[in-house]
Structures are given as C-alpha cells and as structure tokens.
Amino acid sequence: MVKLSKQYVERIYWSIGEVSIKINEPESRIRFWIDAIGMNVKTGSNNNRMINRKQIDQLHRVSKLVATRFFTLDGVCYISRNERLCNFIFRNYQGIKKRL
C-alpha cells in the first residue's frame, strides 16, 4: 500500500468542530445556521454532521453577512434564494442570446 503525504490528500468532509475552527464561530451557532437555512448535510454513522467544502464556503459567507453586514438569517436566506434565481435567469438569458 502506498502512503501519501498529507499535502496530497484532499478531504471531502469535515466535522462541525473542524468547521467551527475554520470559520471562527461556535459549534452551536453552526448547528443552528445549518438547521435554520435548511442546508442538506450528510450525517455519519453516529449521526455526526459531515460538511463538505461547498457547504463550508456557504457557512463562511453566512458568517460574514451576519457579522459584518448585520443581516438576519431571513435576510441571508432571501439573498441566497434570489441569487439562485438571478443565476438561473442569467444562464437562460445567455442561452437565448446565443440562439438569436
């Protein structure tokens, strides 16, 4: 079996404790945000929440919006929903534009 050094191994999932250290927020707040936003998080065999890179980025963004711009969680959810809608409209607009 070939041993790989840690710099070459890319992790797929992180625990709540590791994520709390990465984004500098308490674990309880991260659990609350995950439940409030409705984020689909994979659970391990012991019902531990396992968070991937994309979800860590989303949680970091929530942290910045709440801490620096004083958004509520409802405001963060509104922005994320509208951002998806805007991206959908933009992609469709680009497709229509190409056809013309």
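Start with helix H2, residues 27–37, in what is a predicted model. Which residues of H2 are buried? They are Ile30, Trp33 and Ile34. Look down the axis of H2: these buried residues fall within an arc of 100 degrees, so they line one face of the helix. Now turn to the face pointing away from that buried side. There, H2 carries the exposed residues Phe32 and Asp35. After H2 comes glycine 38. The phi of glycine 38 is positive, near 80 degrees.

Next, helix packing. Two packed helices are described by the angle between their axes and by the distance between those axes. Our pair is H1, residues 16–23, and H3, residues 53–68. The angle is about 45 degrees, and the axes lie 10 Å apart. Angles between 35 and 65 degrees count as oblique, and H1 and H3 are therefore oblique to each other. Their crossing is right-handed.

Who meets whom? From H1, we have Val19, Lys22 and Ile23. On the H3 side, they meet Arg53, Ile56, Leu59, His60 and Ser63. Sorted by class, this contact of H1 with H3 has four nonpolar, two polar and two charged residues.

Last stop, glutamine 55. This residue is found in helix H3. Buried or exposed? Glutamine 55 has a relative accessible area of 9%. The cut-off for buried is under 20%, so glutamine 55 is buried. What does glutamine 55 touch, leaving out residues up to four places away in sequence? Its partners are Met39, Asn40, Val41 and Met50.

Conventions: Residues numbered from 1 in each chain as written. Predicted model: local features only at pLDDT ≥ 70, side-chain atom pairs only at ≥ 80, totals over all residues. Heavy atoms only, no water. Axes fitted to C-alpha atoms, helices over the stretch in contact; angles between N-to-C directions. Helix = DSSP H or I, 4+ residues; strand = E, 2+ residues; numbered from the N terminus. Parallel < 35°, antiparallel > 145°, perpendicular 65-115°, else oblique. Left-handed = near helix turned anticlockwise from the far one by under 90°. Contact = heavy atoms within 4.5 Å. Nonpolar A, V, L, I, M, F, W, Y, C, P; charged D, E, K, R; others polar. Buried < 20%, exposed > 50% of the residue type's maximum accessible area, 1.4 Å probe, protein only. Arc of directions from axis to C-beta.
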